[in-house]
Amino acid sequence: MKLVVANHKMNLTKEEVLSYVDSVKDFASNTVEFVFCPSTLYLPYFSSLPLGSQDVSYLKEGSLTGDVSAKQLKSMGVLYTLVGHSERRVKLHENPEMIQKKIENLLNEGIIPILCIGESIDEKEQGKVEEVLDRELAILSSFTKEEIASIVIAYEPMWAIGTGVLPTNQEIENRVRYIKEKVSSLYQVSIRVLYGGSVNIDNIDTLEKVSNMDGYLVGGASLDGPRFLSLMERMR
Ligand code: PEP
């Protein structure tokens, strides 16, 4: 069953969120497992739905004004948390040590981390994609096999996020295979790999032909409830 993760980022006002929840609350599917990652502010409005968060503090607990701990997320029913999204790596200078601590905190609370990895356009043009994936996957080395097996990877080329420009199906298939084989050869475990970057209703039928990925991370196209449901209905 595919895993589909909606990443709302900083979008939607309270009124918009209330009508969004109303439009998706009765959705059920035999073909996809879906998770909503609203702005942290709105987590309580999504309590009747499978809940995810967009981030977690790298500190376990204590004093860090504005942050939210893994324990707090757990207490709100969060099942999955995005970690290492490229927007945070680039705009907030999140480093591998912080990302590693975030994953550790989540695993300690039984929340499934979704580790986002992927190259910039420059790195792609310089032929460095596998080097970038290796570097970003190196974070896994501090965890046990059992822990690694529970982590989800989201392959998100930075140049595809919010741009409407997608890799070819062959490129996605190659990257997903590379990630799976790398993790399997290093740690002897199999993991789920999602694709993220400009997934929408116009390209989903093409993307669905990629045979080896385990789901999608969807930003912009998850912001309209009914349209997001239509997108998921096209997935198998
Ligand atoms: C994202 O930011 O995780 C993402 C996939 O965004 P979009 O679908 O808008 O490209």
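Modeller: On a 1 Å grid over the protein atoms alone, a pocket is an open set of points with protein on both sides within 12 Å along at least five of seven lines, a cavity is a set of points where a 1.4 Å probe fits but cannot get out, and lining residues have an atom within 4 Å of a point. Grid points are joined across faces, edges and corners, and a volume is the space filled by probe spheres set on the points. This is a predicted model, in which local features need pLDDT of at least 70 and side-chain atom pairs count only at pLDDT 80 or more, while totals for chains, interfaces and linings use all residues. Residues are numbered from 1 along each chain as its sequence is written, and side-chain values use heavy atoms, with hydrogens and water left out.

Biologist: What volume does the second largest pocket have?
Modeller: The lining of this pocket is made of 15 residues, and those closest to its centre are Ile161, Gly162, Ser198, Gly219 and Gly220. By class the lining divides into 5 nonpolar, 8 polar and 2 charged residues, where Ala, Val, Leu, Ile, Met, Phe, Trp, Tyr, Cys and Pro count as nonpolar, Asp, Glu, Lys and Arg as charged, and the others, Gly among them, as polar. The volume of the second largest pocket is about 200 Å³.

Biologist: Which residues are the closest to the ligand?
Modeller: A residue is near a molecule if one of its heavy atoms lies within 4 Å of it. The ligand is surrounded by 14 residues, and the closest are Lys9, Glu156, Gly162, Ser198 and Gly219.

Biologist: Which element gives the largest share of the lining of the largest pocket?
Modeller: The largest pocket has a volume of about 560 Å³. Of the 18 residues that line this pocket, Met10, Gln54, Asp55, Arg88 and Leu92 are the closest to its centre. Helices (H or I, at least four residues) and strands (E, at least two) are DSSP runs, numbered from the N terminus, and the largest share of this lining, 3 residues, comes from α3.

Biologist: Is Ser69 buried or exposed?
Modeller: Ser69 is found in the loop between β3 (51-53) and α2. Beyond its neighbours within four places in sequence, Ser69 is in contact (heavy atoms within 4.5 Å) with Val56, Ser57 and Lys60. Buried means under 20% relative accessible area, exposed over 50%, and partly exposed in between, with a 1.4 Å probe and protein chains only. Because its relative accessible area is 10%, Ser69 is buried.

Biologist: How far apart in space are Leu229 and Ser23?
Modeller: Leu229 is found in helix α10 (residues 225-233), and at 11% relative accessibility Leu229 counts as buried. Leaving aside neighbours within four places in sequence, Leu229 is in contact with Ser23, Val24 and Phe27. Leu229 and Ser23 are 206 residues apart in sequence, yet from C-alpha to C-alpha their distance in space is 9.0 Å.

Biologist: What is the phi of Gln188?
Modeller: Most residues other than glycine have a negative phi. Gln188 lies in the loop between α8 (169-187) and β7 (192-196), and at 51% relative accessibility Gln188 counts as exposed. Although Gln188 is not a glycine, its phi is positive, at about 55 degrees.
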